[in-house]
Amino acid sequence: FIRAKMYISIAHRFSIPVINHIHAASWDTFYLQAPKKRQREIERIYSQCDALIALSDEWRMNLSMVFPKERIYVLETFIDESHVPSIGNHQIALISRIEKVKGTDILPDIISSTLTKISDAHFVICGEGSQLEMLKKTCSIKGISEKNLTFGGWVTADQRKQILSESSLYLLPSYAEGMPMSI
């Protein structure tokens, strides 16, 4: 919302249609518990949109509190049902932005704790973000070796499918998610 509001206002000012794809994490903290001034700002900015795209019927209902329901469209998350994870190994995958909100600050402790119980576990961490170098450094300080940890960087859709098919567990220690695409 913070990033989009400036663009929405400029587009509205120049009569450029705006379709806003909403990825808010929590309606309660975003709107219901926000100060009245913030609520009015959210209502004003959304009123400048021609349509909103939500990721679920629940979010459509939430957004209908501040925007006409008939102009809110639900775009369901696509799930490839042909994907079957590997159960026979101890590979654990994380594919996400590498940011504190995604729980990357607690990842080194999760990895260390897991390795004390499953010594042959292997973590594959894919993604980019502002916390990547700090995460690598913290894992190194904790003595987590390349034998148990691979940083894969940004991955394509095909690479993501490959990594997930080779993994027995997907990890997302996120502090906040709207409709988590990765789940």
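Helix α3 spans residues 36–47 in this predicted model. From the first C-alpha to the last, its twelve residues reach 16 Å, close to the 16 Å expected at 1.5 Å a residue. Gln39, Glu41, Ile42, Ile45 and Tyr46 of α3 are buried. Viewed down the axis of α3, these buried residues fall within an arc of 160 degrees, so they line one face of the helix. Lys36, Lys37 and Arg40, on the other side of α3, are exposed. The cover over the buried residues of α3 includes the helices α1 (2–13), α2 (27–32) and α4 (57–63), together with the strands β1 (19–21) and β2 (51–54).

Tyr46 also takes part in the largest nonpolar core, which has 18 residues. Along with Tyr46, the residues with the most contacts inside this core are Trp27, Leu52, Leu63 and Phe67. At least two residues of the core come from each of α1, α2, α3, β2 and α4. Beyond its neighbours within four places in sequence, Trp27 is in contact with Leu32, Trp59, Asn62, Leu63, Met65 and Val66. Another core, of 16 residues, lies apart from the largest one, and Ile98, Ile125, Leu149 and Leu172 are among its members.

The strands can be followed next. β1 and β2 run parallel and are joined by three bridges, with Asn20 standing opposite Leu52 in β2. Three bridges also join β2 to strand β3 (residues 72–74), and these two strands run parallel. Here Ile53 has Tyr73 in β3 as its bridge partner. Between β2 and β3 the chain passes through α4, forming a β-α-β crossover that is right-handed.

Methods: Residues are numbered from 1 along each chain as its sequence is written. This is a predicted model: local features need pLDDT of at least 70, side-chain atom pairs count only at pLDDT 80 or more; totals for chains, interfaces and linings use all residues. Side-chain values use heavy atoms; hydrogens and water are left out. Helices (H or I, at least four residues) and strands (E, at least two) are DSSP runs, numbered from the N terminus. The expected span of a helix is 1.5 Å times one less than its number of residues. Buried means under 20% relative accessible area, exposed over 50%, partly exposed in between (1.4 Å probe, protein chains only). The arc is that of the directions from the helix axis to the C-beta atoms. Contact means heavy atoms within 4.5 Å. A nonpolar core is a set of buried Ala, Val, Leu, Ile, Met, Phe, Trp, Tyr and Cys residues joined through side-chain atoms within 4.5 Å. Two strands pair if DSSP finds at least two bridges between them. A crossover is right-handed if, with the strands pointing away from the viewer, the path from the first strand over the helix to the second runs clockwise.
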